[in-house]
Amino acid sequence: MSAPTAERQTADRHQTAERLLKSSAKKSYDPAVDIDWDAPLVEGGIWVPEHRVSLYGTELWERMTPEQRVELGKHEACSVASVGLWFEVLLMQRLLKDFYAEDPTTPRAQYALTEVADECRHSQMFARMVRTAGVEPYGPQESIRQLGKLFSVVSWGPAAYGAILVAEEVLDRLQREQANDERIQPLMRQVNRIHIMEEARHVSFARDEVTRGMAQLSRTEKAYQQFIIAYISMFVVRSLINPKVYASVGIDPAVGRRAALGNPHHREMIRWAGEKIMPFLDEAGLVGRPGMTWWRRSFLLGEPGDR
Ligand SMILES: [Fe+2]
Ligand SMILES: [Fe+2]
């Protein structure tokens, strides 16, 4: 079969966008009205399942009281939410830059703006949830926040959308597990449900951008894209839990961080969360030697013996 022509590819690209625009018009949420923000939090409700807390199974965990374990889970859930909204802001920058560069009347451009609108509502929702939980909006560590300013400068095309997919799909996997868990705070579950529904469209769009973009790269460009996606993805997963969360249960942030990074349960959680997206990126040609050091450090590929 011959390779698709440029016109054919452009037509396909707009077709995907048209389908996603229709779906957005049919089903979108407004967290301001679709969440009962005045409902009291459930006494004793947890925010994440115990086995997803970064220190689960460590010596530090064994020394914690049941209340401290719930407290740390709440702070970690809020860290993930506040880092998640930071990812969304970086994605919005990328989408707006793409919109700026193209014909605003095309379905693809129209969809880019629709996705920005979704992410605006999500970021408000996550911020409001953190505030309701009464937790500091940690966000990423300062050095990583500064690096984030470079995201839409050093990455574009498949690597940019691929790194966004890592963030979206890793969070999606964790949120799906929690959405139907009755022990989790109803507020957290409703936030997760809304996010899962709308992210499904974002994932389709980004996967399409990756596949289409990879087909057009030269060998040098491909090597750069393989390097930069791995580098950014490592920061994506490493930034989810801000070490300051450990202070909420009297653990020195540096000590907690070290214990989490060395914790086989935590490493396995990251591998599990990336289990859906990594084979896709691999097949698309984005997982290659220039980025291997960073992929390994991210834990997304599992322990060295796993591959
Ligand atoms: Fe989102
Ligand atoms: Fe998204």
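This is a predicted model: local features need pLDDT of at least 70, side-chain atom pairs count only at pLDDT 80 or more; totals for chains, interfaces and linings use all residues.

Biologist: Which residues coordinate the iron ion (ligand 1)?

Modeller: The donor atoms lie at 2.1 to 2.3 Å from this ion. In sequence the donor residues follow the spacing E-x30-E-x2-H-x72-H-x3-E. The residues that coordinate the iron ion (ligand 1) are E88, E119, H122, H195 and E199.

Biologist: How many residues apart in the chain are E119 and H195?

Modeller: Both residues are donors to the iron ion (ligand 1). E119 belongs to helix α5 (residues 107-133) and H195 to helix α9 (residues 186-214), so the pair links distant parts of the chain under the helix numbering used here. The separation between E119 and H195 is 76 residues.

Biologist: Are E119 and H195 buried or exposed?

Modeller: A residue counts as buried under 20% relative accessible area and as exposed over 50%. By that rule, E119 and H195 are both buried.
The donors E168 and H202 of the iron ion (ligand 2) fall into a class as well, and that class is buried.

Biologist: Which residue bridges the iron ion (ligand 2) and the iron ion (ligand 1)?

Modeller: The two ions are 3.5 Å apart. A bridging residue must coordinate both ions, and the residue named as doing so is E119.

Biologist: Which residues are in contact with L281, leaving aside its neighbours within four places in sequence?

Modeller: L281 is one of the residues that touch the most other members of the largest core. Contact here requires heavy atoms within 4.5 Å. With close sequence neighbours left aside, the partners of L281 are G162, V166, I229, L286, V287 and W295.

Biologist: How many residues are in the second, separate core?

Modeller: Among the members of this second core are W47, V48, F126 and V191.

Biologist: Which element gives the largest share of the lining of the largest pocket?

Modeller: The largest pocket has a volume of about 390 Å³. Its lining has 25 residues, and W86, L90, F151, I232 and V236 are the closest to its centre. By class, the lining has 18 nonpolar, three polar and four charged residues. The largest share, six residues, comes from α4.

Biologist: How much space lies in the largest cavity?

Modeller: A search of the whole structure finds one cavity of 30 Å³ or more. Its lining has 30 residues, with E76, V80, L171, L174 and I241 nearest the centre. These lining residues divide into 21 nonpolar, five polar and four charged. The space in the largest cavity is about 400 Å³.

Biologist: Why does A167 count as buried?

Modeller: A167 is found in helix α8. Beyond its neighbours within four places in sequence, A167 is in contact with F87 and V236. The limit for a buried residue is under 20% relative accessible area. A167 counts as buried because its relative accessible area is 9%.

Biologist: Where is P137, and is this residue buried or exposed?

Modeller: P137 is placed in the loop between α5 and α6. Not counting residues up to four places away in sequence, P137 touches S82 and V130. Exposed means over 50%, and P137 has 59% relative accessibility, so P137 is exposed.

How values were computed: Residues are numbered from 1 along each chain as its sequence is written. Chains are lettered from A and ligands numbered from 1 in the order in which they are written. Side-chain values use heavy atoms; hydrogens and water are left out. A nonpolar core is a set of buried Ala, Val, Leu, Ile, Met, Phe, Trp, Tyr and Cys residues joined through side-chain atoms within 4.5 Å. Buried means under 20% relative accessible area, exposed over 50%, partly exposed in between (1.4 Å probe, protein chains only). Donors are N, O and S atoms within 2.8 Å of the metal (3.2 Å for Na, K and Ca); water is not among the atoms, so sites may look incomplete. Helices (H or I, at least four residues) and strands (E, at least two) are DSSP runs, numbered from the N terminus. On a 1 Å grid over the protein atoms alone, a cavity is a set of points where a 1.4 Å probe fits but cannot get out, and a pocket is an open set with protein on both sides within 12 Å along at least five of seven lines; lining residues have an atom within 4 Å of a point. Grid points are joined across faces, edges and corners, and a volume is the space filled by probe spheres set on the points. Ala, Val, Leu, Ile, Met, Phe, Trp, Tyr, Cys and Pro count as nonpolar, Asp, Glu, Lys and Arg as charged, and the others, Gly among them, as polar.
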